[in-house]
Amino acid sequence: MPADPQRSATNRPPRGGSGTNAVEVRRSSRRSRTVSAYREGDRTIVLIPARMSEAEEQRWVTVMLDKLAAQESKKVLGDRELTERAERLSAQYFGGRARPASVRWVTNQNTRWGSCTPSEGSIRLSHRLQGMPEYVVDYVLCHELAHLLVPGHGPRFWRLLEAYPRTERARGYLEGVVAAGRLPHLPHARGE
């Protein structure tokens, strides 16, 4: 238990590629119901009511980390920022071995989320990813970076991609987006 019962530091998995992996929870007796969070350098600060249980704290920390990641993902990255992000992900998950020559957004990929040409070292991401949570964009980047090291989708490729901790969650998100796109569109009620 920390020396100060009002503060606790927790190491968490990186959220959305922001490089943030330390979470500090600050309890306040003046706070009765609200929970908030913000980034401070390489840490995330989560403010909660002092009366909150450990289980509620854990749940709210997860909710707030996801909320921050969603807010940050709405900022559309340019190609330069996308390249920098790919380089950080390569360093973090592939020991810097995946070195893309170019990373850019494209508007001509409507049936796939990303593509890679290993011989050229080029990675292209569909513009449809813009606005999705950071961890989803990071997964697609990691997927394409892994192709720079292993061209196909064999067992070696998937073992390599296991380094990214949110692979299954991101794949589930993307599968949900695809499934939602197949749902029939209901006619709007009159007056809407």
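# Burial and salt bridges in a predicted model

User: Of the 192 residues of the protein, what percentage count as buried?
Analyst: Buried here means under 20% relative accessible area, exposed means over 50%, and partly exposed lies in between, with a 1.4 Å probe and protein chains only. This is a predicted model, in which local features need pLDDT of at least 70 and side-chain atom pairs count only at pLDDT 80 or more, whereas totals for chains, interfaces and linings use all residues. Residues are numbered from 1 along each chain as its sequence is written, and side-chain values use heavy atoms, with hydrogens and water left out. Of the 192 residues, the share that counts as buried is 42%.

User: In what order do the elements of the protein run from the N terminus on?
Analyst: Helices (H or I, at least four residues) and strands (E, at least two) are DSSP runs numbered from the N terminus. The protein holds 5 helices and 7 strands. Read from the N terminus on, their order is β-β-β-β-α-α-β-β-β-α-α-α.

User: What share of the contacts with a separation of 6 or more comes from residues 24 or more positions apart?
Analyst: A contact requires heavy atoms within 4.5 Å. Among contacts in the protein with a separation of 6 or more, the share from residues 24 or more positions apart is 43%.

User: Which residues are linked in a network of salt bridges?
Analyst: A salt bridge is a side-chain nitrogen of Lys or Arg within 4 Å of a carboxyl oxygen of Asp or Glu, and by this rule the count comes to 10. Arg43 meets Glu24 at 2.5 Å, N to O, a pair that joins strand E4 (residues 43-49) to strand E2 (residues 22-28) across 19 residues. Arg43 also meets Glu40, again at 2.5 Å, N to O. The linked residues are Glu24, Arg26, Glu40 and Arg43.
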